[in-house]
Amino acid sequence: MRKYELICILQPELDESAFKGALERVQAWVTESHGSVDKTEIWGRRRLAYVIHKQTEGQYVLMNITLDPKATGELERNIRFLEPVIRHMLTAV
């Protein structure tokens, strides 16, 4: 098991329930891969450095996770197809 930081930028116009649903889905994928979500920080709405999909703002979330390195590919593939997520970055700590 290895520790990772996962930063997700979600669409700014999501309501509270859709935002929580997207976060819970990502957390479920981590636990299904026999990993754990150690900490979740919601940074809130911030301005993007450049326009992505005609959006100038996004809702930032940082997750500290522990996951098997073999499961990272599957996790990133699932996140890539999750519609509310504009961008994500998974880095080893």
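Let's start with K54. At 81% relative accessibility, K54 counts as exposed; that label means over 50% relative accessible area, while buried means under 20% and partly exposed lies in between, with a 1.4 Å probe and protein chains only. K54 sits in the loop between β2 and β3. Its phi is near 65°, a positive value in a residue other than glycine.

A word on what we are looking at. This is a predicted model, where local features need pLDDT of at least 70 and side-chain atom pairs count only at pLDDT 80 or more, while totals for chains, interfaces and linings use all residues. Residues are numbered from 1 along each chain as its sequence is written, and side-chain values use heavy atoms, with hydrogens and water left out. Helices (H or I, at least four residues) and strands (E, at least two) are DSSP runs, numbered from the N terminus.

H34 is found between α1 and β2. H34 also has a positive phi, about 65°, although it is not a glycine. At 66% relative accessibility, H34 is exposed.

Step back into helix α1. It covers residues 16–32, 17 residues in total, and reaches 24 Å from first C-alpha to last. That is close to the 24 Å expected at 1.5 Å a residue, where the expected span is 1.5 Å times one less than the number of residues.

Which residues of α1 are buried? They are F19, A22, L23, V26, W29 and V30. Seen down the axis of α1, these buried residues fall within an arc of 120°, so they line one face of the helix. The arc is taken from the directions from the helix axis to the C-beta atoms. On the other side of α1, E16, S17, E24 and E32 are exposed. And what covers the buried residues? The cover includes β1 (2–10), β2 (36–52), β3 (55–67) and α2 (72–80). Contact here means heavy atoms within 4.5 Å.

Next, the core. A nonpolar core is a set of buried Ala, Val, Leu, Ile, Met, Phe, Trp, Tyr and Cys residues joined through side-chain atoms within 4.5 Å. The largest has 21 residues, and L10 and I65 touch the most other members. Elements giving two or more residues to this core are β1, α1, β3, α2 and β4 (85–92). Helix α1 gives the most, with 6 residues. Apart from this core lies another, of 5 residues, among them I9, L48, Y60 and I86.

Look at T66, in strand β3. T66 is buried, at 14% relative accessible area. Its side chain makes a polar contact with the side chain of D38, at 2.7 Å. A polar contact is a pair of N or O atoms within 3.5 Å; within protein, one must be able to donate a hydrogen and the other to accept it, and residues adjacent in sequence count only if both atoms are side-chain atoms.

Last topic: charge. Side chains of opposite charge can pair when their charged atoms come close. How many salt bridges does a search of the whole structure find? It finds 5, each a side-chain nitrogen of Lys or Arg within 4 Å of a carboxyl oxygen of Asp or Glu. One joins E16 and K20 (4.0 Å, N to O). Both lie in helix α1, 4 residues apart, about one turn. Another joins R45 and E57 (2.9 Å, N to O). This pair links distant parts of the chain: R45 in strand β2 and E57 in strand β3, 12 residues apart.
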